[in-house]
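This briefing is meant to be read alongside the sequence and the coordinates. It takes up charged pairs, then nonpolar packing and the surface.

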Amino acid sequence: MGSPVRAGSRRQDSGPMFGEVAPEIIEDTLIHLATENEQYLSELPDQAGCFKEARIVEFIFLLSEKWHLDQSARYQAVELLERFMIKQIEQISSGEKVKSRDQGHGSSCCSLQDQIYDTFVLRLVSCVQLASKLSLHYNAVNSDTALKFLRSLKYSYSKQELLESELAVLKTLRFQINVSTPLAYVELLLEVLGHNGCLLPAQPLHFMCIQLLDFSYLMRDTIYDTLLKVAIENPTPNKLQVSKFLTVKEDSMLLAVGIISTSVFILHPGHWKQVVEHLNSITGITSQSILEFSYAVLTHILGGTTPRQRYGIRGTKAPENRILRLK
């Protein structure tokens, strides 16, 4: 189950090494991530994003920090919890509909809410545990560490219940837990940019991307609300517009290019337009969409000069017709 997590066990992580991967591998991986992203968007459940609200994300981030997990683990845990909870809701809803037909309406809605509420923190901890085990070069969070934390919150779960919770997450997700996070998209696109001759210092840019990705997770609803209003050029979107915008909110490739664009605007503003053009060439996401995403993020960070103000960019639409290529 892995050794206990100790404060002294954390090593200084210098981040990924860029410029070490063969072009063929980069291209294959880029195509794989793009295909995975498009497939997920095409099958997007209506509840997508419901379990990425700021309080939940902050809880996971703080717990990951407490247990000294690497950056990818925190994003992995958020995505695992989101996908698990949506599947659980679908399964429980199906069961409750059958009961309602057999027994009348009763308290099926309350029952569903109770089941989710009663086990939510336990499932969250299990998702963080599972995410930690996907980062093989770090210490995995073992049962003793997880139970100690749960008991500090006055939960009295046994080790068996904790193991059963992990198994419940695994079975519900059909053991498909190694999902690609937005960080994987960011790191791969940074690799492609370097390969294509965009020779900005990779490590400082990577560090800034992580800070902005954290910020975007924590401010998700606010940022995308701003982006939607810019997209429709209307401060009061209707329900249909909000519903259609869900695919934009869940688009990992758009998030990644937006994060990189914003990072470059902060660190290397003189190279910003060039990098946006590179990202457009690599992903097929329009420069306008990338610029508007940066505007939405920077609006809530700086409140001052943004790409929109500097270059007079107006309205954007959901990115489509992706063309992925290496130069």
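Arg55 counts as exposed because its relative accessibility is 65%, where exposed means over 50% relative accessible area, buried under 20% and partly exposed in between, with a 1.4 Å probe and protein chains only. The model is predicted, so local features need pLDDT of at least 70 and side-chain atom pairs count only at pLDDT 80 or more, whereas totals for chains, interfaces and linings use all residues. Residues are numbered from 1 along each chain as its sequence is written, and side-chain values use heavy atoms, leaving out hydrogens and water.

**Salt bridges**

- Arg55 pairs with Glu53 in a salt bridge whose closest N and O atoms are 3.0 Å apart, the term meaning a side-chain nitrogen of Lys or Arg within 4 Å of a carboxyl oxygen of Asp or Glu.
- Glu53, at 29% relative accessibility, counts as partly exposed.
- The structure holds 10 salt bridges, among them the one between Glu250 and Lys52, with closest N and O atoms 3.4 Å apart.
- This pair links distant parts of the chain, 198 residues apart, with Glu250 in the loop between helices H11 (246-249) and H12 and Lys52 in the loop between helices H1 (23-42) and H2 (54-66); helices are DSSP runs of H or I, at least four residues long, numbered from the N terminus.
- Glu250 is buried at 4% relative accessibility, and Lys52 is buried at 7%.
- Lys52 and Glu250 also belong to a network of salt bridges that includes Glu79 and Arg220.
- Within helix H9 (residues 220-232), Lys229 and Asp225 lie four residues apart, about one turn of the helix, and form a salt bridge with closest N and O atoms 3.1 Å apart.
- Lys229 is partly exposed at 31%, and Asp225 is partly exposed at 33%.

**Nonpolar cores**

- The largest nonpolar core has 88 residues, and those with the most contacts inside it are Ile60, Trp67 and Ile260; such a core is a set of buried Ala, Val, Leu, Ile, Met, Phe, Trp, Tyr and Cys residues joined through side-chain atoms within 4.5 Å.
- Leaving aside neighbours within four places in sequence, Ile260 is in contact with residues including Val186, Leu189, Cys209 and Leu279, contact meaning heavy atoms within 4.5 Å.
- A second, separate core of five residues includes Tyr40, Leu41, Leu44 and Leu246.

**Surface**

- Leu267, in helix H12 (residues 252-267), is partly exposed at 32% relative accessibility.

Methods: Helix = DSSP H or I, 4+ residues; strand = E, 2+ residues; numbered from the N terminus.
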